Amino acid sequence: MNIVFVHFGMRMPTHLELNMKRAVSLFQSHNVYLVTDNLRNLPVIKGLNIVEYRKDSEWNLIQNNLKHPLDFRDGFWVKSIGRFLALNFFMEMFPQPLLHENIIVTGK
């Protein structure tokens, strides 16, 4: 089983980094992944696999048609829905069972 974290945005929060380290340490028989749209300033975690997600026309469609305020909590609603796009992208590459660790980060 794959354990998958998804994070969008510039700043990697400390609690997410600690949670990924813990998952890698506790679940050594499983692959742990981070799916992200930002490859800069990522923490170095031995055993963590990184998958880049590039926002595409589906992401833009959600962003352009969503009625919720886009500035709420740094794009909370778009990022929450976009998480499903990223998970679908991931599952197309790795069609195995997965556990998605839901981390939603707010603020700047």
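**Remarks on the predicted model**

1. Asparagine 41 has a relative accessibility of 72% and therefore counts as exposed. This residue of the predicted model belongs to the loop between E2 and E3. The phi angle of asparagine 41 is near 60°, a positive value in a residue other than glycine. For context, most residues other than glycine have a negative phi.

2. E2 and strand E3 (residues 48–52) run parallel and are joined by five bridges. Within this pairing, valine 35 faces valine 51 of E3.

3. E2 also pairs with strand E1. Six bridges connect E1 (residues 2–7) with E2, again in the parallel sense. Here phenylalanine 5 is the residue opposite leucine 34 of E2. Strand E2 itself, residues 31–36, is mostly covered, with five of its six residues buried.

4. H1 consists of 13 residues and spans 18 Å from its first C-alpha to its last, close to the 18 Å expected at 1.5 Å a residue.

5. Which residues of H1 are buried? They are Leu16, Met20, Ala23 and Val24. These residues cover an arc of only 95° around the axis, and so they lie on the same side of H1.

6. Phenylalanine 27 is placed in the loop between H1 and E2. With a relative accessibility of 38%, phenylalanine 27 counts as partly exposed, because that class lies between the 20% limit for buried and the 50% limit for exposed. The C-alpha atoms of phenylalanine 27 and isoleucine 3 are 8.7 Å apart in space, while the two residues are 24 apart in sequence.

7. A search of the whole structure returns five aromatic pairs. In one of them, tyrosine 33 and phenylalanine 90, the ring centres are 4.8 Å apart and the planes meet at 70°, so the pair is edge-to-face. Tyrosine 33 lies in strand E2 and phenylalanine 90 in helix H3 (residues 76–93), so the pair ties together parts that are 57 residues apart in sequence.

8. Are the two partners of this pair buried or exposed? Tyrosine 33, at 8% relative accessibility, counts as buried, and phenylalanine 90, at 0%, also counts as buried. Phenylalanine 90 forms a further aromatic pair with phenylalanine 94, which is tilted, with 4.9 Å from centre to centre and 35° between the planes. Phenylalanine 94 has a relative accessible area of 23% and is thus partly exposed.

Technical notes: Residues numbered from 1 in each chain as written. Predicted model: local features only at pLDDT ≥ 70, side-chain atom pairs only at ≥ 80, totals over all residues. Heavy atoms only, no water. Buried < 20%, exposed > 50% of the residue type's maximum accessible area, 1.4 Å probe, protein only. Helix = DSSP H or I, 4+ residues; strand = E, 2+ residues; numbered from the N terminus. Pairing = 2+ DSSP bridges. Phe/Tyr/Trp six-rings, centres within 6.5 Å; stacked < 30°, edge-to-face > 60°. Expected span 1.5 Å × (residues − 1). Arc of directions from axis to C-beta.
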